[in-house]
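The sequence and structure are shown first.

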Amino acid sequence: MARPLRIEFPGAIYHVTSRGNAQSSIFLDDIDRTTFLSVLGMTLRRFNVICHGYCLMTNHFHLLLETPDANLSKAMRQLNGVYTQAFNRRHGRVGHVLQGRFKAIVVDREAYLLELCRYIVLNPVRAGIVKEPGKYFWSSYRATAGFIKKPDFLAVDWILEQFGADRTRARKDCRLFVQAGLDSKSPWQDLKGQCLLGDDAFLEKLFPILKDRSAFREIPRAQRFADRPALEDVLADSGGRATRDAATLKACNEFGYSQAEVAAATGLHYSSVSKILRKMR
């Protein structure tokens, strides 16, 4: 099975999710949720990880994490492992609680972090659990919005600073911003390669890391080539036959497009694309 791509560098920000094994519940009651948050706090302190937001649902959780020390995998291994042990011990169970490896999406702070901060705390509203985010006790919203004292592990300064220096006004504007998110588009519409959420300038900064990763065959194709140009751009200058053939080879070999994709884009038959590749190779 292909492994999820892990991009780790100092200061990286991630949207992290883990789901219950076989879609089963990972929180059976509030004691489980309290235990998870306690383990989360200890893990963040031990690994020097910053948490900008969280939301605990019934069979999965969302975290917005920043890693000054480029150590997401180690931190998540600790969090998921310790919580699994505590869950199984309390409920007299054995085996997996969480399904496979966690999923992590690298997030462009400037373009998407604030949007994700409201997106994840609106999950209970979209799921029909509550009518407004302030009624849900198991997300970071109430603390960020100033309804309750924030837990020690939660960082709210960056979020509130986006709404001005006056903290009281910032909290009010933050609440209005979150409420408006119910009518906004999903940020996942802009997801690239299943693991990157950012604009072109952000992807360009990550290009050296992605280029090194592209040699790892066990990583899913869409993630290995997350930074690749659009196929129509690769084939844009393929007017003559020689130029077209070179562009076809580049699209398949360098950027990982399939022969079927190239055939559809050029109007060639699949067998013609195959012949071109054999000739050029």
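This is a predicted model: local features need pLDDT of at least 70, side-chain atom pairs count only at pLDDT 80 or more; totals for chains, interfaces and linings use all residues.

The side chain of His 52 is joined to that of Glu 66 by a polar contact of 2.7 Å. Glu 66 is also one of the residues that His 52 touches once those up to four places away in sequence are set aside; the others are Leu 64, Arg 109, Leu 113, Cys 117, Leu 154, Ala 155, Trp 158 and Ile 159.

## Thr 67 in strand S3

Thr 67 is part of strand S3, residues 60-67. Its relative accessible area is 0%, so Thr 67 is buried.

With neighbours within four places in sequence left aside, the contacts of Thr 67 include a run of residues comprising Phe 9, Pro 10, Gly 11 and Ala 12. Tyr 14, Val 49 and Leu 72 are also in contact with Thr 67.

## Nonpolar cores

The largest nonpolar core contains 69 residues. Within this core, the residues with the most contacts are Val 16, Phe 36, Phe 61, Leu 63, Leu 65 and Met 76. Helix H3, residues 109-121, supplies the largest share of the core, with eight residues. Another core, of 13 residues, lies apart from it; among its members are Ala 247, Leu 249, Ala 251 and Val 273.

Beyond its neighbours within four places in sequence, Phe 61 is in contact with Val 16, Phe 36 and Met 76, among others.

## Cysteines without disulfides

How many disulfides does a search of the whole structure find? The search returns zero. For Cys 117, the closest cysteine sulfur is that of Cys 174, at 8.1 Å, which is too far for a bond because a disulfide requires the sulfur atoms to be within 2.5 Å. Cys 174 likewise is in no disulfide, its nearest cysteine sulfur being that of Cys 117.

Are these two cysteines buried or exposed? Cys 117 counts as buried, with a relative accessibility of 10%. Cys 174 also counts as buried, at 4%.

Technical notes:
Residues are numbered from 1 along each chain as its sequence is written. Side-chain values use heavy atoms; hydrogens and water are left out. Buried means under 20% relative accessible area, exposed over 50%, partly exposed in between (1.4 Å probe, protein chains only). Helices (H or I, at least four residues) and strands (E, at least two) are DSSP runs, numbered from the N terminus. Contact means heavy atoms within 4.5 Å. A nonpolar core is a set of buried Ala, Val, Leu, Ile, Met, Phe, Trp, Tyr and Cys residues joined through side-chain atoms within 4.5 Å. A polar contact is a pair of N or O atoms within 3.5 Å; within protein, one must be able to donate a hydrogen and the other to accept it, and residues adjacent in sequence count only if both atoms are side-chain atoms.
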